[in-house]
Amino acid sequence: MVLSASSVASYRQTGDSYTVVRRQVMWVAIGVPCAVIASRVSVQWVRRLSYPAFSISLLLLALTAVIGVKVNGNTNWLALGPVQIQPSEIAKLSLVIWAAHIYANKERRLGSLHHMLVPVVPGMLLATALVVVGRDLGTALVFFALLVAMLWVVGAPGRLFVLALMSVSALALALAATSSVRAARLANFIDPFKDYHGTGWQPAHGLYALSSGGVFGEGIGASQQKWGQLPEAHTDFIFAVLGEELGLIGTLLVIALFLVIAYAGVRVAREARDPFVRYCTFGIVIWLLGQMIINVGMVLALLPVIGIPLPLVSYGGSSLLPTLGALGLVIGFARREPAAARALKQRRRARSAGLSARR
């Protein structure tokens, strides 16, 4: 889908239709071995990295807020030599690991509201504030979803969620008021055709793409919206191109695959005996599923356009590498699940018995 959605824009910018997809293949070639390594490392080693990863993420977010590169109105990119990275994408994984590590250490003290809130809530709010400074409202909402998910899984009282929801709603409206473009998007997202040639242009053409696809789609490569009418066709709005080319069947398949990942993750978290594995897996599931829901809702004009990529589908190494690393961790956790560990031992014994019989 990255190849199809990016081919036209890539050719216009560089004279080569494969420039963008070659970069994505490079990121995949780096990310898959990272996922394999993440699936093999021990839980203790991952936990030892929690504080260094969290500290480095905060440092990168702070640098981005001060000397970051502005793209589409958001200062959420950091230039490191010839490469630009998006530290907020890396921070999502480090925040989950850090919070899971702290809650695992406090497992027996989580009946106290103080231990439930400190230091996870201040730490995650600090990371969110650094993202908000760069006007990246979409990533701030993902950070907030992670915070709420971690509090829910450790048993925070219901009144805390009501307070959090009211606070984030007020903050989101206040942030929208500071930007005329963002305020217009919030006002027109339900009916993007009200401001068709302004803030409604992108979501309107996203709807055109989805409606053109019908049930079975126009076929791979046959999208018309990617020829210039649909901005960010290979990043934030790749789901629209997917719907145009693969139709309702293709979009439902992608959503179903995300739900399969979510089901597998929840199953691992439910069966895990190690509290760190339980909290970390649940946080990763909420991160990926929540980001998918926000992206799809944005393309369907059910949510405002806030610049959130579709995990595992949209172009971008900053998003792909942490996502693959997170899935590698979940695979490693699943291997250590009691039933899976017993099955693995039985297979190894059977293999050893077969080799002995042949000898």
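Author: Happy to. Let's begin with a cut-off: an angle over 145 degrees between the N-to-C directions of two axes counts as roughly antiparallel. Please keep in mind that this is a predicted model.

The part to look at is the pair formed by helix H12, residues 238–271, and helix H13, residues 275–299. In general, two packed helices are described by the angle between their axes and the distance between the axes. For H12 and H13 the angle is about 160°, and the axes are 9 Å apart. H12 and H13 are therefore roughly antiparallel to each other. Their crossing is left-handed. On the H12 side, the contact is made by Phe239, Ala240, Ile255, Phe258, Leu259, Ala262, Gly265, Val266, Val268 and Ala269. Facing them from H13 are Val277, Arg278, Thr281, Phe282, Val285, Leu288, Leu289, Met292, Asn295, Val296 and Val299. Sorted by class, this contact holds 17 nonpolar residues, three polar ones and one charged one.

Rings of Phe, Tyr and Trp are paired here if their centres lie within 6.5 Å, and planes under 30 degrees apart count as stacked. By this rule there are nine aromatic pairs. One of them is Trp152 with Phe282: the ring centres are 5.5 Å apart and the planes meet at 25°, so the pair is stacked. Trp152 belongs to helix H8 (residues 137–153) and Phe282 to H13, so this pair ties together parts that are 130 residues apart in sequence.

H4 and helix H7 (residues 120–133) have axes that come within 8 Å and cross at roughly 25°. The angle is under 35 degrees, and H4 and H7 are therefore roughly parallel to each other. This crossing, too, is left-handed. From H4, the contact takes in Phe54, Leu58, Leu61, Ala62 and Ala65, while H7 supplies Gly123, Leu126, Ala127, Leu130, Val131 and Val133. The classes here are ten nonpolar, one polar and no charged residues. In the loop between helix H6 (113–117) and H7 sits Pro119. The peptide bond that joins Val118 to Pro119 is cis, with omega about 0°. As a general point, most peptide bonds are trans, and most residues other than glycine have a negative phi.

H4 also leads us to the strands. Helix H4, residues 50–67, lies across E1 and E2 and runs at about 105° to E2. E1 and E2 are part of an open sheet of three strands in the order E1-E2-E3, paired antiparallel. Its edge strands are E1 (69–71) and E3 (83–85), each pairing on one side only. On average, neighbouring strands of this sheet are turned by 45° against each other, direction ignored.

Both turns of the sheet have something to show. E1 and E2 are joined by three bridges, and Val71 has Asn74 in E2 as its bridge partner. These two strands form a hairpin with two residues between them, and in its turn Asn72 has a positive phi of about 55°. Further along, three bridges join E2 (residues 74–80) to E3, with Leu80 partnered by Val83 in E3. The hairpin of E2 and E3 likewise has two residues between the strands, and Gly81 takes a positive phi near 70°.

One last stop is Trp27, in helix H2 (residues 19–40). Leaving aside neighbours within four places in sequence, Trp27 is in contact with Gly317, Leu320 and Leu321.

Technical notes. Residues numbered from 1 in each chain as written. Predicted model: local features only at pLDDT ≥ 70, side-chain atom pairs only at ≥ 80, totals over all residues. Heavy atoms only, no water. Pairing = 2+ DSSP bridges. Helix = DSSP H or I, 4+ residues; strand = E, 2+ residues; numbered from the N terminus. Axes fitted to C-alpha atoms, helices over the stretch in contact; angles between N-to-C directions. Contact = heavy atoms within 4.5 Å. Parallel < 35°, antiparallel > 145°, perpendicular 65-115°, else oblique. Left-handed = near helix turned anticlockwise from the far one by under 90°. Nonpolar A, V, L, I, M, F, W, Y, C, P; charged D, E, K, R; others polar. Phe/Tyr/Trp six-rings, centres within 6.5 Å; stacked < 30°, edge-to-face > 60°.
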